[in-house]
Amino acid sequence: AAAGIAAPTEASGYHRSSWTQLDGAPPDIWALAQDRAGTLWLGTGVGLYRFDGIQFEHFDPPQGQGLASSNITALHADARGRLWIGFYPGGISVLDEGRLRHYPPSPQLPTSLVMRIVEDHLSQVWVASFSGLYRFDGDGWRRIGAEMGYPSESADDVGNVWVAAGKTLLKLPPG
């Protein structure tokens, strides 16, 4: 590893910049997602921000459509252009064409820290949470459990579609 760190790299074609809180970067960044337009979204402990490559801007929801919490722990920009937002106290919101839709904590939705949000090849949204594994099929939410072979009460992480649950790694085969 030390040899890899010491090895010279060719970076002449790149420009590197950094931003701190003094430059307007928000504190307590938990999640990042880049949408189709190239905007970088940041989920933080103090709200949702967007970054256009030059400056950070706090996202102010449309009037009467506040975020469910300012403590954002997971983000996912999906193939349709929607931004999925997961919260520390649980629940999910989706920003679609400037409008927010909220899915509050419930037996079918995360009731605690949302760790990760992903989308599978069928455009279903999967959520890993301390309170379980969840799926949105386009119509409604469902908590995933033993009926699908998922043995855990929580999910630490989820991919397309694999799940890390404590010391166990599970994969959902196609179909």
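Author: Let's start at Glu97, which sits in the loop between β7 and β8. Strands here are DSSP runs of E with at least two residues, helices are H or I runs of at least four, and both are numbered from the N terminus. Keep in mind that this is a predicted model: local features need pLDDT of at least 70 and side-chain atom pairs pLDDT 80 or more, while totals for chains, interfaces and linings use all residues. Residues are numbered from 1 along each chain as its sequence is written, and side-chain values use heavy atoms, leaving out hydrogens and water.

Back to Glu97: it isn't a glycine, yet its phi is positive, about 50°. Its relative accessibility is 79%, so Glu97 counts as exposed. (Exposed means over 50% relative accessible area, buried under 20%, and partly exposed in between, using a 1.4 Å probe and protein chains only.)

Now look at Gln65, from the loop between β4 and β5. Leaving aside residues up to four places away in sequence, Gln65 touches Gly98, Arg99, Leu100 and His102, where a contact means heavy atoms within 4.5 Å. A polar atom of the Gln65 side chain is 2.6 Å from the backbone nitrogen of Leu100. For polar contacts, the rule is a pair of N or O atoms within 3.5 Å; within protein, one must be able to donate a hydrogen and the other to accept it, and sequence neighbours count only if both atoms are side-chain atoms. With 17% relative accessibility, Gln65 is counted as buried.

The strands on either side of that loop also turn up around a pocket. The second largest pocket has a volume of about 160 Å³, and β7 (92-96) and β8 (99-103) are the elements that give two or more residues to its lining. The lining is Arg80, Arg82, Trp84, Val94, Asp96, Arg101, Tyr103, Ser123, Phe136, Gly138 and Asp139. (On a 1 Å grid over the protein atoms alone, a pocket is an open set of points where a 1.4 Å probe fits, with protein on both sides within 12 Å along at least five of seven lines; lining residues have an atom within 4 Å of a point. Points are joined across faces, edges and corners, and the volume is the space filled by probe spheres set on them.) By class, that lining has 4 nonpolar, 2 polar and 5 charged residues. Here Ala, Val, Leu, Ile, Met, Phe, Trp, Tyr, Cys and Pro are nonpolar, Asp, Glu, Lys and Arg charged, and the others, including Gly, polar.

Next, the rings. There are 11 aromatic pairs in the whole structure. (Rings of Phe, Tyr and Trp, using its six-membered ring, pair if their centres lie within 6.5 Å; planes under 30 degrees apart are stacked, over 60 edge-to-face, the rest tilted.) One of them is Trp41 with Phe59, edge-to-face, at 5.8 Å centre to centre and 70° between the planes. Another is Tyr103 with Trp141, also edge-to-face, 5.6 Å centre to centre with 70° between the planes. Tyr103 and Trp141 are both buried. Ring pairs also join Trp84, Tyr103, Phe136 and Trp141 into a cluster.
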